[in-house]
Amino acid sequence: MPIVGRGSVRHAGVCIKVKFIDILRMPFHDRSLLLTNQEPAMFAQRIERLTSSLVRDILAAASRPGMISFAGGLPADEALFRPSAEMLASLDGWQYGQSEGEPMLRELIAARGRALGLRCEASQVLVLSGSQQGIDLVAKLFIDPGTPVLVESPAYLAALQVFRLFGADYLPLPVMGEGAELDRLPQILACARLAYLTPTFQNPSGYCYTEGERVAIASAIDAAGTPLFEDDPYRDLAYDGKAPQPICARLSRAPWIYQGSFSKVLAPGLRLGYLIVHPDLVSPLTRLKQAADLHTNRIAQQLVAQMLDGGRVDAHVEGAMPLYRERRAVMTDALSTAFGDRLEWSLPAGGLFFWVRFAEPLDTRALMHRALERGVAVMPGDAFFTERPDAAYLRLNFSHAGPDGIRQGVARLKEALDA
């Protein structure tokens, strides 16, 4: 049943108009031929670039009882924010709200931005349904098929997924434990229409750009005039001292977008993030937000506003620091004991991940499947690259499993490697 045009198929030599509901009623074999043909009958062309999120797929496979997961970026259950009955009783967010976000929350977020050196007012804040929405909105604003976008190598997997959907051409900037290859930056920026960076406890590598690197990057971006999208969800999870000022705060000429999130520091289930943006970008991003979901959940916004207004977010994060430092130390010891010199890594100064490199070539996808069979979920490193990586990597989350679970999970990973 070959496709002859959008919304039509040829069957037995006859062209037949097809409605989407009719496709769903077709025998599965005919339906699959229709929907996987090189000329999709019903879907936009960009759907051909739509890929599943590997980490979400792994987490679905890892949901069975007894599984230990190092795959996702899950905070510790013990560190999750849970509102009091008094907080819940004071909520009044049951009606529609403003697309930009609750006014009080925007004021509080702007104040946090100014404390980081960002030149901003509440009018430049856009509250999001999770920071993933921010990536989607920015991609819609800047990326057409063929748009060159600077991304780190490795880079945040879910951002690559969104940029690919909209047709970006990647311009990779290598970033590893020893830092970013800044000598290539001016050449890349000369071609890029957008630069996407996660310079603070980078996901997946955990690397935190130095003061000198941030100064050099800001200077190069200003010189090129390339818009910067700085994604900064892990800044508050700093175990060995505060991170340097954001790159966006150092720009004087180039347009900029700074993104933060409350998922890692309070609770992912709140699905609450935010953008603070250059004044010229407020209007188009607000309109894109209106077209996407009208506004972000007002109940979650009011809960976070209460936490910020009372100074309780920072206290909540500080209370979680001993737990995360302990789990980081436990994973360090477990990896050293189990793998010795077969693995290389740098101790993460912040964030939620170890980025480990195998000393010898290895198929990490095959290792992932062997590990799942033994009850531990890990994230293959190749998924974070836009090109073939130079070695075999894994990203391992240390924040979610408890100390005993970390030790047991690393032991299971060792069994999978030796199998």
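The residues lining the largest cavity divide into five nonpolar, three polar and two charged. (Ala, Val, Leu, Ile, Met, Phe, Trp, Tyr, Cys and Pro count as nonpolar, Asp, Glu, Lys and Arg as charged, and the others, Gly among them, as polar.) This is a predicted model, where local features need pLDDT of at least 70 and side-chain atom pairs count only at 80 or more, while totals for chains, interfaces and linings use all residues. Residues are numbered from 1 along each chain as its sequence is written, and side-chain values use heavy atoms, leaving out hydrogens and water.

**Stop 1.** Select E100, R106, S123, Q124, V125, L126, V277, V282, L285 and T286, which line the largest cavity. (A cavity is a set of points on a 1 Å grid over the protein atoms alone where a 1.4 Å probe fits but cannot get out; lining residues have an atom within 4 Å of a point.) This cavity holds about 50 Å³ of space.

**Stop 2.** Select A79, L237, K264, V265, H316, V317, A320 and Y324 around the second largest cavity, whose space is about 30 Å³. Its lining has six nonpolar residues, one polar and one charged.

**Stop 3.** Select helix 14, residues 403-418. Buried here (under 20% relative accessible area, 1.4 Å probe, protein chains only) are G405, I406, G409, V410, R412, L413, A416 and L417. Down the axis of helix 14, these buried residues fall within an arc of 160°, so they line one face of the helix. Their cover includes helix 12 (312-339) and strand 14 (353-358).

Notes:
Helices (H or I, at least four residues) and strands (E, at least two) are DSSP runs, numbered from the N terminus. The expected span of a helix is 1.5 Å times one less than its number of residues. Buried means under 20% relative accessible area, exposed over 50%, partly exposed in between (1.4 Å probe, protein chains only). The arc is that of the directions from the helix axis to the C-beta atoms. Contact means heavy atoms within 4.5 Å. On a 1 Å grid over the protein atoms alone, a cavity is a set of points where a 1.4 Å probe fits but cannot get out, and a pocket is an open set with protein on both sides within 12 Å along at least five of seven lines; lining residues have an atom within 4 Å of a point. Grid points are joined across faces, edges and corners, and a volume is the space filled by probe spheres set on the points.
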